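Biologist: I'd like a close look at one single residue and what sits around it. Could you walk me through that spot, then zoom out to the rest of the chain?

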Amino acid sequence: MARLRSILSALLCVFLLFCPLSVPARALETSAASAVVMDAGSGRVVYAKNPHAERSIASITKLMTALVASEQSDDLDEPVTVDSRAVGTEGSSMYLDYNEELPLRHLLYGLLLRSGNDAAVAIAIHIAGDVEVFAELMNQKAADLGLQHSHFANPNGLEVEGHYSSAYDMALIARAVLADPVLAEIVATKSITLGERYMENHNKLLSRYEGCIGLKTGYTKAAGRTLVSAAQRMGTTFIAVTLCDPNDWDDHTALLDYAFANYHSHLLARGGKALATVAVEGSLARAVPVVTASEVRYPLTDDEVPTVRIRLPARLKAPVLQGEVVGALVYSLDGKEIGRTDLIAAVSAPDDSAARLNTPRWSFRLPGANVFSPALPRWRGLLSRSGAFLTI
């Protein structure tokens with residue numbers, strides 16, 4: 001019996017050595033009152049803590065200020081004459097002088113690097129005539145972006161009633177800022193000298209975190225420390241937002257590390273890829289090839305496999321124009337749509353009456369207009385395997 005117990009113990013040790021028990025990863029923790037990590041490309045949220053809670057946001061407000069200014073201005077190098085109402089604005093400053101003239105672009109650098117409250121007011125007055133009207137433009141832009149938990153009362157984030165946002169909404173604002181090439185360049189700038197002014201970015205992550213490309217810091221006594229950051233690696237960009245976070249530098253490092261370690265951008269569909277051939281009625285061209293209009297990418301964990309639905313008619317009626325949208329390719333994950341691309345005709349098929357009269361009654365038929373694949377790995381032929389998923 002003792003010998004049997006020894007043998008069983010040895011076998012158990014070998015089993016544990018080669019088949020270790022899986023232990024759930026420790027939950028990601030943050031000291032922030034609210035936090036979000038979002039993929040900039042798709043908008044997928046990969047981490048959230050009280051994402052829609054409405055809170056004071058301090059100077060990260062200036063991301064919206066810059067977005068509105070860029071959108072409202074035809075020329076960022078247009079001269080701005082500093083209004084007296086901007087001079088001496090409380091808090092952080094780029095130290096503007098009354099009647100000083102400088103390009104709007106310089107004010108944007110002062111706004112986003114030095115977090116100049118005076119720059120925010122100067123921009124608002126230049127764009128809209130006064131701060132209140134500019135705040136209305138900010139709220140209109142918030143509506144355009146689909147923000148549901150934000151309201152802006154000033155361009156700089158100084159504490160005032162009715163000025164707030166959420167971690168999720170700020171991530172959407174950051175996406176819009178990064179999509180603006182000029183603003184994306186400004187928020188990624190560590191330091192710059194413009195005229196006689198030397199400006200250094202308050203965002204320490206630009207130097208501390210690999211791949212960091214922005215965005216903005218903030219602090220007031222009521223809001224606490226607020227921070228919006230973004231980092232890019234291997235073609236994937238993640239945005240991190242924390243509100244009221246006394247440990248924001250370390251938390252953003254942990255949040256971004258978590259995102260890059262667990263989610264990877266996958267190419268689900270290539271743009272211009274031939275997918276099928278669809279029969280055409282009433283044309284000498286009996287069929288037209290169908291291609292994807294654009295690529296589809298989405299961040300996935302190693303265990304996630306999306307499904308795909310092809311929406312195409314069994315046949316088309318002439319005339320069919322090259323580039324005409326004839327269907328769609330829709331990707332889903334756990335029943336939720338995560339991406340799509342139009343399916344377009346690769347060539348034209350002109351209308352031809354004689355051809356229509358002589359069209360045979362039979363034709364090659366594709367599957368129905370709403371064919372669903374339970375899982376991508378079951379596809380064959382037109383789809384090719386790429387890692388844990390299939391790429392069209």
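Modeller: Let's start with Leu 96, which is buried, with a relative accessible area of 4% (buried means under 20%, exposed over 50%, partly exposed in between, with a 1.4 Å probe and protein chains only). A quick note on ground rules: this is a predicted model, where local features need pLDDT of at least 70, side-chain atom pairs count only at pLDDT 80 or more, and totals for chains, interfaces and linings use all residues. Residues are numbered from 1 along each chain as its sequence is written, and side-chain values use heavy atoms, with hydrogens and water left out.

Leu 96 sits in the loop between strand 3 (79-81) and strand 4 (101-103); strands here are DSSP runs of E, at least two residues, and helices are runs of H or I, at least four, numbered from the N terminus. Setting aside neighbours within four places in sequence, Leu 96 is in contact with Val 82, Val 87, Leu 102, Leu 107, Asp 118, Ala 119, Ala 122 and Arg 197, contact meaning heavy atoms within 4.5 Å. Ala 86 is 10 residues from Leu 96 in sequence, and their C-alpha atoms are 7.7 Å apart.

One of those partners, Leu 107, turns up again in the largest nonpolar core: among its 59 residues, Leu 107 belongs to the group touching the most other members, along with Leu 63, Met 64, Leu 108, Leu 215, Val 228 and Ile 239. Such a core is a set of buried Ala, Val, Leu, Ile, Met, Phe, Trp, Tyr and Cys residues joined through side-chain atoms within 4.5 Å. Helix 6 (residues 167-178) gives the most to this core, with 9 residues.

Zooming out, 48% of the chain's 392 residues count as buried, and the secondary structure comes to 10 helices and 20 strands.
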